[in-house]
Structure formats: structure tokens, C-alpha cells
Amino acid sequence: MRYDLPEFLAHAVALEQEATERYRELAEVMESAGNEPVAEVFRDMSRYSALHRDDILARTDDMELPILRSWEYRWRVPPEVGEDFEPSAMASPYLALAYARGNEIRGMRYYQDVAQAATDAHVRHLAMEFANDESSHVEALDRWIARLRLIDPATVG
Ligand code: ZN
């Protein structure tokens, strides 16, 4: 994955936009499942993703960003949920957190790969910074999964 700056920023904006929407969806699912604490986690994650997206957009100035294919940035569902993303299938807080975690890891690896392949110093620097952000999101989700394990070990499997 060797990108120039506009290609890289386009991917980063798309990843953050996707995360903003999926986290908002997960927050709603948790809310209707009556799990306010986990709904709150997802609302926070959605807000951070939106802030990050806006922050990246602010760096694009008047650059023209390429249009991406959706498979390049869409979240993927875990195998236990099936091919089609059905938010209601995420009613289990553990499944929802595991789903989010899987996608944060994909995002982190994506940025790490870009950083490694980058010939452009600016792209490399930003990709490393974004990979670190994603790894802190993975850690936040891990803390929640550990918490669930304490509260209700049966749901975590
Ligand atoms: Zn993230």
C-alpha cells in the first residue's frame, strides 16, 4: 500500500466516517437492549471518530481527494454474525465490543502497513500517528471486554 498524501487522507477520512456511523449504530443497539454503560462507550467512540475525521478533513485544505471503493474501508462483521450486517445481531455487549475491536485492529494494521510502505515522510508520520490512535482504541475496548468478563463471564465465552 503505497499512497500519496491525498489517497492516504481519503482513506483515513473514510475509515473515521465509517467508525462514526458504526459506533453510533452500536450505541443505539445497546440503548435499546437496556445496556446504558456500553451504549455510553460507543457514543464516546463515535464522538472521537467524528472529531478525528474533522481533524483530518482540516488537514486536507483544498486538496482533491480520490473517491474510494467501499470495500476498502467498510467495517467487517465477525463470522459468528454472518455476512449481512444486522445491527440487532449485536445486542450482546460482548459481540458488539468484539465486532468493534476486530475493526479497530483492521484499522490499526492498515495504518501500520501504510506507514511501513510509505516513501513520503508526511504520509509515514501521519500513518504512524493514526496507528497509535487505533491501538489506544483497541486497548479501550479490551478494558471493556475485561470488565464484562468480571461482571458476566458466561457472555464472553
Ligand atoms: Zn479507532
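**Exercise 1.** How are α1 and α3 oriented to each other, roughly parallel or roughly antiparallel?

*Solution.* The model is predicted, so that local features need pLDDT of at least 70 and side-chain atom pairs count only at pLDDT 80 or more, while totals for chains, interfaces and linings use all residues. Residues are numbered from 1 along each chain as its sequence is written, and side-chain values use heavy atoms, with hydrogens and water left out.

Step 1: helices are DSSP runs of H or I with at least four residues, strands are runs of E with at least two, and both are numbered from the N terminus; the chain has 5 helices and 0 strands.

Step 2: helix α1 (residues 5-32) packs on helix α3 (residues 93-117) at an angle of about 175 degrees, with the axes 11 Å apart. These axes are lines fitted to C-alpha atoms over the stretch in contact, and angles run from 0 to 180 degrees between N-to-C directions.

Step 3: α1 and α3 are therefore roughly antiparallel to each other, the term for angles over 145 degrees.

Step 4: contact means heavy atoms within 4.5 Å, and the residues that meet include F8, L15 and Y23 in α1 and Y99, E104 and Y111 in α3. The residues of this contact divide into 13 nonpolar, 1 polar and 3 charged, where Ala, Val, Leu, Ile, Met, Phe, Trp, Tyr, Cys and Pro count as nonpolar, Asp, Glu, Lys and Arg as charged, and the others, Gly among them, as polar.

**Exercise 2.** Describe the packing of α2 with α4.

*Solution.* Step 1: the axes of helix α2 (residues 36-59) and helix α4 (residues 121-151) come within 12 Å and cross at roughly 175 degrees, which makes α2 roughly antiparallel to α4.

Step 1: among the contact residues are V41, F42 and M45 of α2 and F130, H137 and W144 of α4, and the contact as a whole divides into 10 nonpolar, 2 polar and 3 charged residues.

**Exercise 3.** Which protein donors does the zinc ion have?

*Solution.* Step 1: E104 (OE), E134 (OE) and H137 (ND1) are the protein donors, lying 2.0 to 2.1 Å from the zinc ion; donors are N, O and S atoms within 2.8 Å of the metal (3.2 Å for Na, K and Ca), and since water is not among the atoms, sites may look incomplete.

Step 1: in sequence the donor residues are spaced E-x29-E-x2-H, and both E134 and H137 lie in helix α4, 3 residues apart, about one turn of the helix.

Step 2: E134 and H137 are both buried, meaning under 20% relative accessible area with a 1.4 Å probe and protein chains only.

Conventions:
Angles under 35 degrees count as roughly parallel, over 145 as roughly antiparallel, 65 to 115 as roughly perpendicular and the rest as oblique. Buried means under 20% relative accessible area, exposed over 50%, partly exposed in between (1.4 Å probe, protein chains only).
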